[in-house]
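Here's a quick look at the charged side-chain pairs in this protein. Have the model open while you read.

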Amino acid sequence: MTLYDRLSKALSDTHGVYAGIQDERHFFDTQTRLIPAAVLIPVTDRARPGVILTQRPSNMRSHPGQVAFPGGKIDPEDHDAKAAALREAEEELAIPPSQVNIIGAVEQYHSGSGFEITPVLAIVPPDLALRPNPGEVEDWFEVPLHHILDPGNLVEKSAMWQGRKRQYYEIMWQDRRIWGVTAGIIKNLAARLDWTA
């Protein structure tokens with residue numbers, strides 16, 4: 001079974017009642033209008049697949065210095081979340097849309113910063129010649145898929161944010177700290193895929 005087939009099957013299986021949705025909707029009231037956004041979850045087509053993540057520059061207005069999936073706001077010219085995720089991945093890392101094999105969208109994530117994020121799961125060839133856009137990406141790296149989807153690597157933490165105690169998740173990979181929105185999306189993906197190495 002190819003990686004595409006395996007991920008497609010895992011994404012389409014319901015695994016009974018799926019109650020793993022993690023997000024930050026409790027940080028805003030139901031009247032808050034969220035900004036539509038999309039991220040690409042690029043899984044490398046290897047014998048041991050990886051996931052490409054970016055490190056955001058520390059001077060960015062939104063989520064400075066954090067590890068993130070390539071992505072951003074859905075623009076009016078974007079046909080849908082998938083188109084936005086492809087555009088952003090090309091802008092941020094020069095991933096050619098023609099090299100991306102989309103599997104499908106995963107459950108939306110509502111961030112405390114006011115975004116309604118649609119994660120788009122996809123397969124990309126290994127060892128693409130990625131070129132980070134310095135205005136949006138300080139660095140990029142690849143983490144093994146089995147590592148980020150292993151519940152044993154997901155640690156629940158808490159901190160004060162805007163005067164309230166905030167629960168969030170964190171995953172460490174070597175010297176990289178994957179946390180907040182990105183770790184929350186990964187938690188949802190792990191529950192959805194029920195992946196085993």
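## A buried pair

Arg87 and Glu88 are both buried, where buried means under 20% relative accessible area, exposed means over 50%, and partly exposed falls in between (1.4 Å probe, protein chains only). Their side chains meet in a salt bridge at 3.3 Å, N to O. By salt bridge we mean a side-chain nitrogen of Lys or Arg within 4 Å of a carboxyl oxygen of Asp or Glu. Salt bridges with shared partners join Asp75, Asp78, Arg87, Glu88 and Glu91 into one network.

A word on where this comes from: the model is predicted, so local features need pLDDT of at least 70 and side-chain atom pairs count only at pLDDT 80 or more, while totals for chains, interfaces and linings use all residues. Residues are numbered from 1 along each chain as its sequence is written, and side-chain values use heavy atoms, with hydrogens and water left out.

## Arg87 and Asp75

Arg87 also forms a salt bridge with Asp75 (3.3 Å, N to O). Asp75 sits in the loop between strand S4 (71-73) and helix H2 (81-93), and Arg87 is in helix H2, so the pair ties together parts 12 residues apart in sequence. Helices (H or I, at least four residues) and strands (E, at least two) are DSSP runs, numbered from the N terminus.

Arg87 comes in at 16% relative accessibility, whereas Asp75 is partly exposed at 25%.

## A longer reach

Across the whole structure, the search turns up 10 salt bridges. One of them pairs Arg46 with Glu142 at 2.9 Å, N to O. This pair links distant parts of the chain, 96 residues apart: Arg46 is in the loop between strand S1 (35-44) and strand S2 (50-55), and Glu142 is in strand S8 (residues 139-144). Arg46 is partly exposed at 28% relative accessibility, and Glu142 is partly exposed at 25%.
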